[in-house]
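Have the viewer open as you read.

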Amino acid sequence: MHRHVLLLGSLLLLGGCMRGGVPREVLRGPSPTGAITEEEFKALHTSPAQAPAVPQGQEVEVGGMKAYLSLPENAKAPLPAVLVIHEQWGLDAHIRHWVDRLAANGYAALAVDLYDGKVPTTAVQALALSRRLDPARTTLALKAAHAFLQEDTRVRATRTGVLGWSVGGGWSLKAAMEIPELDAAVLYYANPVVTDVEALATIRASVLGIIAARDEVIRREESWVLRDALDGAGVRHRIVELEGAHGFANPMDPGYDERSAAMAWAEASMFFEHHLRR
């Protein structure tokens, strides 16, 4: 077991993802880390005056809950798969774009609607809905979604990962604790942060934690305590700190930072590539 810690100042990520000081994901050319560049992803989040991007996936039902499934074009099972856990804003257009983005990268991707169809429009509503999530019911829903990815004839995943942001990032870590079959877990500015070493020791997946350096929701120290706790639990992990505030990867968020979002996606896509395609 070992750990890797990468600070923004490190040249490892920058050397692999930058050209002339600009992340390749932000450029117009083909991206080495995914079929959809950050610029293209940002463009999917249109203003109300523009025609919205058409979702590429389909609505399905998983464990009695609605979910959104997107599959790579013309791909055949078995496929590597990613379970997507929405942030506090619910299963909205943004999360559907993420699911489609993963499918464009060659993964079967599935997002479960933990809010039962409710999509909050204010921060107060979003916070209330996230706090009403029942831990037992949410855990069962995520287990059912993972089983769907393993058993559905269109997917039949043999390697699986989980991805989430904020409250969804917190649940991604909990999913890794509860679903030992997971191979990779990616947490964007996870909230809350689990630091119980004994609880984290159940994780078999490799973990990528992405931290926002100017996070106003989670204290920076908490994220680094997670690093130490994962160390103590013997969990393979990588912690990446990038500039930006909480929500920097969401083009619909006021704190969206295209540069940091591009770098985070480069990290996440390479992480999934390594752990889900080998």
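Below are a few questions and answers on ring pairs and on charges over rings.

This is a predicted model, in which local features need pLDDT of at least 70, side-chain atom pairs count only at pLDDT 80 or more, and totals for chains, interfaces and linings use all residues. Residues are numbered from 1 along each chain as its sequence is written, and side-chain values use heavy atoms, with hydrogens and water left out.

Q: How many aromatic pairs does a search of the whole structure find?
A: Rings of Phe, Tyr and Trp (its six-membered ring) pair if their centres lie within 6.5 Å; planes under 30 degrees apart are stacked, over 60 edge-to-face, and the rest tilted. Searching the whole structure on that basis, the count of aromatic pairs is seven.

Q: How far apart in sequence are Trp165 and Tyr188, which form an aromatic pair?
A: Their rings are tilted, 6.0 Å centre to centre with 40° between the planes.

Q: Is Tyr188 buried or exposed?
A: Buried means under 20% relative accessible area, exposed over 50%, and partly exposed in between (1.4 Å probe, protein chains only). Tyr188 has 0% relative accessibility, so it counts as buried.

Q: Which ring does the charged end of Lys174 sit over?
A: A charge sits over a ring if NZ of Lys or CZ of Arg is within 6 Å of the ring centre and within 35 degrees of the ring normal. The charged end of Lys174 is 4.6 Å from the centre of its ring, and that ring belongs to Trp171.
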